[in-house]
Amino acid sequence: MLKDINDLRIFERIVARGSLSAAARELGLSLAVVSKRLGELERQLDARLLHRTTRRLSLTEEGDILHQHCLRLLSQVDEAEAALLHHHDSVTGTLHLTAPTGFGRRHLVPALSRFTREYPELRVQLALTDTVEDLAKGGFDLAIRYGEPLDSRMVARRLAPNRRVLCASPDYLQRKGAPRKLADLTDHDCILIGQQPQADWYFGRGQRESAVRITGAFCCNDGEAAHALALQGAGIVLKSIWDVGEDLQCGRLVQVLPRHAPAAAPLNALYLHGRHLAPRVTLFLDFLKQYLHAHPQSSRAK
């Protein structure tokens, strides 16, 4: 029988952060204490929970089972605690979020800054990456992403519309000319976001949807790098209006083929199906949706 639920919290943070030392730093504990509490948890359960080597840490079969139940249990405990705290007009705990780098820097960080001024006891852990993170393994409450989730475990809550645009710098268009039809894109320097040197760019919707196979002159796994390349005149990039709206408005970038609308990918908040959202998470979701709809970029995103 478990004696202390905090041992489960320590175990969950070890898994989320990938090491005992990282979990210790986050929790404000010594490495010795974290190691001792993990050992005590394994002793109580009579099961080895983690494979530990000098370079990596991974879950055993028993550890994976415990981790899945642990996430649900801690979520329910946090919800109960937060509900009581909210009853006293206080929101505490830690909000764990992940979001695309560009959107996070431009829009999520200002929103979080305003939100935490309203709830000063709340802590935030934000991971900005263009890699699709596993919410369960990463211990995230929410992921902010463009488009619908591919994982059936995810629930999507619509935050804001999102229009995607093709754009390039005035310098590039002066040197290479502007494409007049979709097929012309194959003769241009295009900037791809991802790991593959080729990709299909989709335009229109339903029966009118068409695709153009693009071979990238540049291919990078970071959306901000692709954005910077476009600003430097390297080529044409396909980006969210939330990322490039100000550049278009100021003339740093110019929309290309405006009559051909790329397939839409609305901005969603994703969370695990069946997970009870703590009040701090629900409060932030409501706040972020209102914040984005009040943003000047919202009208351009439709």
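**Close-up views of a predicted model**

**View 1. The loop residue D46.** D46 sits in the loop that joins α3 (31–45) to β1 (50–52). The structure shown is a predicted model. The phi angle of D46 is near 55°, which is a positive value in a residue other than glycine. D46 counts as exposed because its relative accessibility is 71%, and the cut-off for exposed is over 50%.

**View 2. The five-stranded sheet.** Five strands form an open sheet in the order β11-β8-β12-β7-β13, and their pairing is mixed. β11 (218–220) and β13 (254–256) are the edge strands, each pairing on one side only. From one strand to the next, the twist averages 40°.

**View 3. The pairing of β7 with β13.** Three bridges link strand β7 (residues 164–168) to β13, and the two run in the antiparallel sense. A168 has V254 in β13 as its bridge partner.

**View 4. Helix α8 on the sheet.** Helix α8 (residues 223–231) packs on the sheet and touches β8 (190–193), β11 and β12 (236–240). The directions of α8 and β8 make an angle of about 170°.

**View 5. Helix α9 on the sheet strands.** Helix α9, made up of residues 241–250, lies across β7, β12 and β13. Helix α9 runs at about 115° to β12.

**View 6. The loop residue L257.** L257 is found in the loop between β13 and β14 (267–272). Its phi angle is near 50°, a positive value in a residue other than glycine. L257 counts as buried because its relative accessibility is 7%, and the cut-off for buried is under 20%.

Methods. Residues numbered from 1 in each chain as written. Predicted model: local features only at pLDDT ≥ 70, side-chain atom pairs only at ≥ 80, totals over all residues. Heavy atoms only, no water. Pairing = 2+ DSSP bridges. Helix = DSSP H or I, 4+ residues; strand = E, 2+ residues; numbered from the N terminus. Axes fitted to C-alpha atoms, helices over the stretch in contact; angles between N-to-C directions. Contact = heavy atoms within 4.5 Å. Buried < 20%, exposed > 50% of the residue type's maximum accessible area, 1.4 Å probe, protein only.
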